[in-house]
Amino acid sequence: MPDLMVKAAAPVWQFRARVLGVMSTLLALSMISVFTVIWVRLPDQSKETFTIFQRLTLLFFAGIILWILYRMATVRVAAYEDGLAVRNVFKSYRVPWHEISVLRLSSGDAWLQLFDTEGTRLGILAVQMSDGPRARKAAKDLAKIAKARGARPA
């Protein structure tokens, strides 16, 4: 019987934002802790004034905030043989090497900027200036990998 499980190719190189990950995780844990303590310490007669709809609405919005914090904590960029995979907060991208024109991390930029051959800009949130020298090294390493794999200037 043939093996139907196809193993995904391992990335050649990958990078995750360290400061953003730590801050997002701490914020999520703080939010859960504070609101749990508030709810537990709230008198029973006050808890009874919340309808089931109000409780579900609060949980729904808390869930959205926690999901956004989770996505912020897990932003990453990975280089594969065939292209670049970028996971930002709200969207993930896959860009083939031949469509990449420029990777830029200037001192005024908050994060790495990718420009494709059509001039479209994509922010790579995983490589942030808040990570300091680590981010600058990652940007240089990624630029070398991109050039070696066929990224072409516009």
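1. Strands E5 and E6 run antiparallel and are joined by 4 bridges. Strands here are DSSP runs of E with at least two residues, helices are runs of H or I with at least four, and both are numbered from the N terminus. Two strands pair if DSSP finds at least two bridges between them. The model is predicted: local features need pLDDT of at least 70, side-chain atom pairs count only at pLDDT 80 or more, and totals for chains, interfaces and linings use all residues. Residues are numbered from 1 along each chain as its sequence is written, and side-chain values use heavy atoms, with hydrogens and water left out.

2. Stay with E5 and E6. They form a hairpin with 6 residues between them. Across this pairing, Val 102 stands opposite Phe 115 in E6. Phe 115 also has a bridge partner in E7, namely Arg 121.

3. E6 (residues 111-116) pairs with E7 in the antiparallel sense, over 5 bridges. Leu 112 has Ile 124 in E7 as its bridge partner. The hairpin of E6 and E7 has 4 residues between the strands, and Gly 119 takes a positive phi near 90° there.

4. Angles run from 0 to 180 degrees between N-to-C directions, and axes are lines fitted to C-alpha atoms, for helices over the stretch in contact.

5. Is E6 enclosed or open? 5 of the 6 residues of E6 are buried, so E6 is largely enclosed by the rest of the structure. Buried means under 20% relative accessible area, exposed means over 50%, and partly exposed lies in between (1.4 Å probe, protein chains only).

6. A second sheet is also open. It has 4 strands in the order E1-E2-E3-E4, and the pairing is antiparallel. E1 (13-16) and E4 (92-96) stand at its edges, each with a single partner strand, so one side of each is left without a neighbour in the sheet. Neighbouring strands of this sheet are turned by 10° against each other on average, direction ignored.

7. Helix H4 (residues 133-148) packs on this sheet and touches E1, E2 and E3, where contact means heavy atoms within 4.5 Å. The direction of H4 makes about 155° with that of E1.

8. E2 (residues 76-80) and E3 (residues 83-87) pair in the antiparallel sense over 5 bridges. A hairpin of 2 residues joins E2 to E3. Arg 76 has Arg 87 in E3 as its bridge partner. On the other pairing, E1 and E2 are antiparallel over 4 bridges. Ala 78 in E2 is the bridge partner of Gln 14, and Ala 78 also stands opposite Ala 85 in E3. 4 of the 5 residues of E2 are buried, so E2 is largely enclosed by the rest of the structure.

9. Next, the helix pair. The axes of H1 (residues 18-41) and H3 (residues 52-73) come within 7 Å and cross at roughly 160°. That makes H1 roughly antiparallel to H3. Angles over 145 degrees count as roughly antiparallel, under 35 as roughly parallel, 65 to 115 as roughly perpendicular and the rest as oblique.

10. Which residues meet between H1 and H3? Among them, Leu 20, Leu 27, Met 31 and Trp 39 are on the H1 side, and Ile 65, Leu 66, Leu 69 and Met 72 are on the H3 side. The residues of this contact divide into 12 nonpolar, 3 polar and 1 charged. Ala, Val, Leu, Ile, Met, Phe, Trp, Tyr, Cys and Pro count as nonpolar; Asp, Glu, Lys and Arg count as charged; the others, Gly among them, count as polar.

11. Last, Met 129. Met 129 lies in the loop between E7 (121-128) and H4. Met 129 is partly exposed, with a relative accessible area of 23%. Not counting residues up to four places away in sequence, Met 129 touches Leu 105, Ser 106, Ser 107, Asp 109, Ala 110 and Arg 136.
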